[in-house]
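Hello,

The structure we discussed follows below.

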Amino acid sequence: MYLTRVKLNTTKKGTVRLLGSQLIAHGAIETIFGKQGHDRKLWRLDNFQGQPCILLLSKQKPDLRGFIEQFGFNDTPWEIRDYEPLLNRLQKGQKYHFRLAAYPSHSVKPNGEQGRGHVVPHVTVDYQKKWLAERSEKHGFSLLQFDIVARSIKRFFHYKQQVSFTMVVFEGVIEITDAESFRSTLVQGIGREKAFGCGLLTIAP
């Protein structure tokens with residue numbers, strides 16, 4: 001696994017469009033890996049030291065030359081780190097600061113309806129926070145303190161179908177309760193709409 005961070009150059013028209021569209025960002029990331037990049041990637045538009053950036057977690061080591069030409073700084077080195085050392089040193093009881101952009105949602109089935117039901121977003125802060133709290137145990141961590149630092153609604157058409165979801169950014173402090181489950185969470189993400197920039201949980205000391 002590789003964790004990549006690329007600073008984005010907002011003087012480029014392509015970057016402005018990418019920052020304004022989860023769909024464009026999704027397409028740009030897919031082109032990094034070409035026809036061989038069918039494995040699921042987790043990514044997030046973020047900020048680092050006051051600079052817009054993109055974070056990307058992938059099984060394959062990315063070839064960023066084309067992406068940098070379109071959206072980055074040619075004279076600024078990007079960061080690619082082997083993620084395995086971090087995964088291997090995770091232990092129960094460790095505490096970390098975390099950041100997560102996610103789509104808090106639930107499935108609703110009208111009376112008598114069969115199947116998976118209809119996915120609807122949680123729209124209030126209380127329910128969005130409850131959504132994460134209810135998932136913490138099975139994902140291998142407990143929430144010591146956390147809050148919502150940003151909320152936005154994403155809408156676009158993908159293959160002629162309208163996609164709409166609420167993106168919520170959580171930050172706070174967590175404690176690992178199950179190291180194996182937590183490793184899986186970091187690699188697989190949390191919640192829906194992972195292809196469009198949700199689900200990536202990152203941690204720092």
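Buried here means under 20% relative accessible area. Please keep in mind that this is a predicted model. Arg 44 has a relative accessible area of 3%, so Arg 44 is buried by that cut-off.

Arg 44 is part of strand S2, which covers residues 42-48.

- The side chain of Arg 44 makes a polar contact of 2.7 Å with the side chain of Asp 46.
- A polar atom of the Arg 44 side chain lies 3.4 Å from the backbone oxygen of Arg 99.

Leaving aside residues up to four places away in sequence, Arg 44 touches Cys 53, Ile 54 and Leu 55, then Arg 99, Leu 100 and Ala 101, and also Gly 197, Leu 200 and Thr 202.

How many disulfides does the count come to? The count is 0 disulfides. A disulfide needs two cysteine sulfur atoms within 2.5 Å. For Cys 53, the closest cysteine sulfur is in Cys 198 at 16 Å, which is too far for a bond. Seen from Cys 198, the closest cysteine sulfur is that of Cys 53, again at 16 Å and therefore too far.

Are these cysteines buried or exposed? Cys 53 has 1% relative accessibility and counts as buried. Cys 198, at 0%, counts as buried as well.

Regards

Notes. Residues are numbered from 1 along each chain as its sequence is written. This is a predicted model: local features need pLDDT of at least 70, side-chain atom pairs count only at pLDDT 80 or more; totals for chains, interfaces and linings use all residues. Side-chain values use heavy atoms; hydrogens and water are left out. Buried means under 20% relative accessible area, exposed over 50%, partly exposed in between (1.4 Å probe, protein chains only). Helices (H or I, at least four residues) and strands (E, at least two) are DSSP runs, numbered from the N terminus. A polar contact is a pair of N or O atoms within 3.5 Å; within protein, one must be able to donate a hydrogen and the other to accept it, and residues adjacent in sequence count only if both atoms are side-chain atoms. Contact means heavy atoms within 4.5 Å.
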